[in-house]
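Open the model in your viewer and keep the sequence panel beside it. The stops below say what to select and what is found there.

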Amino acid sequence: ALEASKTSALAPDAEQLEYARAELERLNPRLPAEVAVCISPRVECAGVVPRGCRVMDSKKKPLWLEMENADARAGERVVMMFKAGDDLRQDALTLQLLRVMDRLWRAGDARGGLDLRLKPYGCAATGKDLGMIEIVKHSSTVSSIQDKFGGGALGALKRQPVDQFIRKWNQGDEAYAIARENFIMTCAGYC
């Protein structure tokens with residue numbers, strides 16, 4: 001009986017997703033008509049889109065949230081991740097430092113600045129071990145690229161997965177060269 005109660009306490013992924021979506025649906029009527037987003041206060045949302053939301057696969061089970069943009073002209077939904085159990089103050093500080101460094105590098109000296117093509121995402125710690133992270137749309141993590149193009153977890157130990165990814169999405173020598181340089185520059189900047 002003890003073993004049965006342990007396994008029933010952990011719902012399968014589909015049940016977790018449906019529970020999360022139902023709770024988000026219940027939240028919508030209690031939200032104001034327009035809600036400012038903490039990671040970008042200039043962006044206002046007009047409610048959660050439960051069917052677009054999901055429970056992420058990582059250990060802390062963060063929530064991928066999709067919200068309607070209050071600005072009908074903007075069109076695209078606002079996408080962010082809600083995390084609980086991680087201290088996002090460190091992330092927010094690191095991203096703030098990256099923005100400052102990027103401004104300094106771009107300002108440069110008399111010969112001109114250095115554009116390392118950084119695009120730090122938004123991050124806001126909203127409480128103890130709580131916060132929101134901006135989702136970079138139309139992107140892939142290096143880990144997922146190494147997994148997909150490197151044949152699994154060992155792809156992280158191979159040299160070609162990232163290059164194969166860049167080649168796949170940038171057809172032609174010029175497009176490939178630009179994408180490769182962008183990747184190298186951002187790696188240098190984030191290091």
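**Cysteines, cores and a helix pair**

Begin by selecting Cys 191, which is exposed at a relative accessible area of 89% (exposed means over 50%, buried under 20% and partly exposed in between, with a 1.4 Å probe and protein chains only). This is a predicted model, in which local features need pLDDT of at least 70 and side-chain atom pairs count only at pLDDT 80 or more, while totals for chains, interfaces and linings use all residues. Residues are numbered from 1 along each chain as its sequence is written, and side-chain values use heavy atoms, leaving out hydrogens and water.

A search of the whole structure finds zero disulfides, a disulfide being a pair of cysteine sulfur atoms within 2.5 Å.

Next, select Trp 64, Met 81, Cys 123, Ile 133 and Ile 135, which touch the most other members of the largest nonpolar core, a set of 13 residues. Such a core consists of buried Ala, Val, Leu, Ile, Met, Phe, Trp, Tyr and Cys residues joined through side-chain atoms within 4.5 Å. A second, separate core has 12 residues, including Leu 24 and Ala 124.

Finally, show the helices α4 (residues 142–150) and α5 (residues 161–169), whose axes come within 8 Å and cross at roughly 90° (axes are lines fitted to C-alpha atoms over the stretch in contact, with angles from 0 to 180 degrees between N-to-C directions; helices are DSSP runs of H or I, at least four residues, numbered from the N terminus). Their contact (heavy atoms within 4.5 Å) includes Phe 149 of α4 and Phe 165 of α5.

Notes
Helix = DSSP H or I, 4+ residues; strand = E, 2+ residues; numbered from the N terminus.
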